[in-house]
Amino acid sequence: MSDLTESPAWRELQAHFAELKDLHMRDLFEQDAQRFSKFSTRMGDILLDFSKNRITDETFDLLLKLAKDADVEHWRDQMFDGEPINISEFRPALHTALRNRSNTPVMVDGENVMPKVNRVLEQIRYFSERVRGGHYRGYSGHLITDVVNIGIGGSDLGPHVVCDAMKPYAQRGMEVHFVSNVDPTHLTEILKGVKPESCLFIISSKSFTTQETMMNAHSARDWFIRETGNKKAVAKHFVAVTTNQQVAADFGILPENMFEFWDWVGGRYSLWSAIGLPIVLYLGMDRFEEMLEGAHEMDLHFRNTPLEKNIPVILALLGIWYNNFFDAQSHAIMAYNQYLRRLPAHLQQLDMESNGKTINRNGERVDYLTGPIIWGETGSNCQHAFFQLMHQGTKPVPADFLIPAKSKNPLGNQHCVLLSNFFAQTRALMMGKTAEEATAELKADGMDDEQIKEVLPHKIFEGNKPTNSILFEKLNPRTMGSLLAMYEHKVFVQGVIWNINSFDQWGVEYGKVLADDIMHELKTREHVDAYDVSTNELINYCMKLKFTD
């Protein structure tokens, strides 16, 4: 047994779960008229209502005790202070320094990193304002109208979700595109819609050696040279976000068009760094800084607010409650806003790459579930897809519901319809429908007793399905920054309690090594027998199909 599962707080939660597991939220609401006021909290205009969860006052107190026993506050302070909490890579995790709008010193190995952060922000401002203002043009004098970001993982998902979400704030006449997949179709289809003389390519790779990114980068450069017949113009149309200046220079990128970030910036936390360059080109530096300010506000809330009112801490504890005690192995994200359609994809990487671990910080195998499977879709599309499973299926699926009170596109009463669905679904998941209620409805529909008897079991909804409602005034850069930082801190808190390192991703690296080995085999076109029989035969069959006329 591990220290976590042997801890007094964990054992108390196990005993409490045995007593609570059959309680219904419908009854909890009936018994306590103050339930909403007790189980909701705010930061700015962001309201978290967590009253529709299978918790009581005692549950909440025990979860808070679990956080205190895990020393969440101490680990939180270590992260903000630049301590090397990424223990397997011996470095800090300082994405919070990137949005440190207070500009208070953040020390790493005796050096204040804030001057470096501010220098890169100024470089980004200068470059983006020249592009957006028409002073930086393509090799033939054309305005830059299209930005193609080539990256993968955090170099793609973070900027992508922000650019999608903040489209109403984008510069007129500017389009941004994202290429991540090594499948050549991804790049090919995007290149069909851009012109080389007005297109700017951003190559985002810390090492400038990431396989998928560099293959797409070289293919994009080949296309550019082929279309323009001008190899020297590469320097005008390609920029890099990297730490490897020499390789970027060999690619053809000018030193002044290289944007730095640091090894204490993890990929999935990097959109706040120079990786956010496509965001700045699309929205402008002022909007990007508003987003940084919103994230900084959440940082301050996370660092300074008592745990019982702390939004990221509460979300983390509720996730542990369902993951580890109810055996809910997934968590759904329902964004009732079309602009947030990429949010589940971003949060999948953030959460599952951070906390998908079996080894704790002591190098021991855990004996409890760690990170859940993250998935989701936009509302109300999700209601016509997988909500059937959530309402009447056999798997528990706790979920976050997010919505702005005001729409950027107020067409008739459509946003009110969206809001009504948001409120109705969380209520329906919580309340369910009893046999008595279903019988009354069926009678009102004119069914006789025999028909009711046959149909009734299918009309009953168990309810008692937990949800968090996250409501805010409108989706703007400041709120977007706060929401993204909120989820980053939630993931961090869960990692602390599970005693795992949320800032490495060795599983990702392992797959890359194997792929390099197999790539060599594919190039030889010879019969393969170096691996297990399944892999050997799959490769051999594939080569037969691929290389046989």
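This is a predicted model: local features need pLDDT of at least 70, side-chain atom pairs count only at pLDDT 80 or more; totals for chains, interfaces and linings use all residues.
View 1. Residues are numbered from 1 along each chain as its sequence is written, and side-chain values use heavy atoms, with hydrogens and water left out. Strands here are DSSP runs of E with at least two residues, helices are runs of H or I with at least four, and the numbering starts at the N terminus. Two strands pair if DSSP finds at least two bridges between them.

**View 2. Zoom out from β1 and β2 and you get an open sheet of 6 strands.** The order is β1-β2-β13-β12-β10-β11, and the pairing is mixed. Which strands sit at the edges? They are β1 (40-43) and β11 (373-378), each of which pairs on one side only. From one strand to the next, the twist averages 15°. Helix α19 (residues 414-431) packs on this sheet and touches β12 (399-404) and β13 (467-472). Contact means heavy atoms within 4.5 Å. The direction of α19 makes about 155° with that of β12; axes are lines fitted to C-alpha atoms, for helices over the stretch in contact, and angles run from 0 to 180 degrees between N-to-C directions.

**View 3. Here's another open sheet, with 5 strands and parallel pairing.** Read across, the order goes β6-β5-β7-β8-β9. At the edges, β6 (175-179) and β9 each have a single partner strand, so one side of each has no neighbour in the sheet. Look at β7 (residues 199-204) and β8 (residues 238-241): they run parallel and are joined by 4 bridges. Ile 202, for instance, has Val 239 of β8 as its bridge partner. Helix α10 (residues 184-191) packs on this sheet, touching β5 (146-150), β6 and β7, and its direction makes about 160° with that of β6.

**View 4. Helices α2 and α16 cross at roughly 75°.** The axes of α2 (residues 8-20) and α16 (residues 311-325) come within 12 Å. That angle makes the two helices roughly perpendicular (65 to 115 degrees; under 35 is roughly parallel, over 145 roughly antiparallel, and the rest oblique). On the α2 side, the contact residues include Trp 10, Leu 13 and Phe 17, and on the α16 side they include Trp 321 and Phe 325. How many of the contact residues are nonpolar, polar or charged? There are 6 nonpolar, 3 polar and no charged ones. (Ala, Val, Leu, Ile, Met, Phe, Trp, Tyr, Cys and Pro count as nonpolar, Asp, Glu, Lys and Arg as charged, and the others, Gly among them, as polar.)

**View 5. Arg 26 and Glu 437 meet in a salt bridge, with N to O at 3.0 Å.** A salt bridge is a side-chain nitrogen of Lys or Arg within 4 Å of a carboxyl oxygen of Asp or Glu, and the count comes to 29. This pair links distant parts of the chain, 411 residues apart: Arg 26 is in α3 (residues 25-31) and Glu 437 in α20 (residues 435-444). Is Arg 26 buried or exposed? Arg 26 is buried at 13% relative accessibility, whereas Glu 437 is partly exposed at 32%. (Buried means under 20% relative accessible area, exposed over 50%, partly exposed in between, with a 1.4 Å probe and protein chains only.)
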